[in-house]
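Hi,

Here is the structure I promised to pass on. Have a look at it first, and then read my notes below.

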Amino acid sequence: MARKKIRIFKYVVLPLASVCSASVWGADVERGVGVNERTIRDYSPAGIRAGSFMIHPFFENQNEYKDNIYSQQNNTQDDFIFHLQPGVNARSNWNRHALEANVSTDMQLYSSHSSEDKENYAFDLNGRLDVLRENFATAKFYYAHQYEDRGSPDSPFNASKPVQYDTTGGLIGYEHKINRIRFNVLNDTQHLDYENSISSSNTFINNDDRDRQKNTSTGRIGYEIMPGYEAFVRGSYNFIEYDQKFDDFGLQRSSDGYEVVTGIALDFTGKLVGDAYIGYARQEYDDAQLKTISDITGGFGLKWMPTGLTTVSARVDRAINETTQGFSSGYFSTASTVTIDHELLRNVLLNASAGYIFNDYRGGAGRQEDIYYAGISAKYLLNRNFFLKSGYNFRTRSTNFNNADYDINNVYFSLGAQL
């Protein structure tokens, strides 16, 4: 659905149906765009022009204190972590078509536990080919080098260092609209490559049996019931192929599955946008010892702009996820989050968020996890090129396994630069 871009001028009163509030500090407001996504005039980086591209380099230095770096229930260890986060965004400013590239890094240096040092980096290149006014093709390639969280159930608990893994993938899609009917097709291919580890007792840990490729093909048909309301049906098919036929437990974890949902997407005067859907998902595994997973799936998401200065977002999704734990096939994860963004001043942005995740493992020992998290932050824009940011986060996990619970608190302060 096409969005109307509305420019708001100070002291000009506009109809409520057109805009949430006329007091938005003279910013450019677009339908359905929240506070955190909006460009603030006088505080947005100018960028570097290179032909028909705009280049935006950025750098952030974050200083963090974390009271449980190993995500343990007992004998917790704390540390100061220094983050160096350079990156760059380059995007075209063509009238038709679009091309964008992003590079981001996060080098983490631990003050007292150097074995936990990390070098995260990611790259993506994506583009859009405009065929007709509302018909276009999209493509994206992405690569990321990351580390598993110490609290991940799939990660070997006795590894002397966090497990590194690489994600390489690409997707291609097409959207076509005829009158009130909208068609979408998308194919996403992703490969995960885990590096082997050394245990704290200096023994070898094999992670090659976790390497896998996942391909997901999705089709969606939507019908515009009336302006701002679209009913849709979406179906997807996936197959997961492990590089090694058998894992270290002698199991064949390769699988294939599908998901079919129906729902509705809405845009109510730009003040309330979102979607809701419900359906059924099933994943079947090559090994007869791994239980087939099938259940109701669904979710909804809402973004509410009660005023031009405040955005309230909520999201709930339920989906099947992969695991490599013992005889567990996979798990259904129900994840919910609520976020509030508020523009206190033109250059002061506040954020508060909270969430809950319930992970229900199928087969094996029947592991279940309840995860709660919350956080607050404030961002102060000094000018177009520099900003300060500070925040606090809390995360807790409780399970039906012994010694697998944890609480984590962390506070941070950042100085950032952008061009």
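A word on element names before anything else: helices (H or I, at least four residues) and strands (E, at least two) are DSSP runs, numbered from the N terminus. Residues are numbered from 1 along each chain as its sequence is written, and side-chain values use heavy atoms, with hydrogens and water left out. Keep in mind that this is a predicted model: local features need pLDDT of at least 70, side-chain atom pairs count only at pLDDT 80 or more, and totals for chains, interfaces and linings use all residues.

I178, I181, F183, I221, Y223, I225, M226 and I264 make up a nonpolar patch of about 680 Å². Two elements, β10 (181-194) and β13 (212-226), each give two or more residues to that patch. The largest share is from β13, with four residues. For patches, residues need over 30% relative accessible area and no salt bridge; nonpolar side chains (Val, Leu, Ile, Met, Phe, Trp, Tyr) are joined within 5 Å, and like charges within 9 Å. The areas come from the Shrake-Rupley method with a 1.4 Å probe, and for residues only the protein chains shown count as cover. I264 is partly exposed, at 31% relative accessible area (buried is under 20%, exposed over 50%, partly exposed in between; 1.4 Å probe, protein chains only).

Next, E64, which sits in strand β4 (residues 53-66). E64 is buried but has no salt bridge (a side-chain nitrogen of Lys or Arg within 4 Å of a carboxyl oxygen of Asp or Glu). K66 is the nearest side chain of opposite charge, 5.2 Å away (Lys and Arg count as positive, Asp and Glu as negative; His and the chain ends are not counted). So what does the side chain of E64 pair with? There is a polar contact of 2.7 Å to the side chain of H83, and another of 3.0 Å to the side chain of N410. A polar contact here is a pair of N or O atoms within 3.5 Å; within protein, one must be able to donate a hydrogen and the other to accept it, and residues adjacent in sequence count only if both atoms are side-chain atoms.

Finally, two backbone angles. Most residues other than glycine have a negative phi. N75, in the loop between β4 and β5 (79-92), has a positive phi near 50°, and N75 is exposed at 66% relative accessibility. H97 has a positive phi too, near 70°.

Cheers
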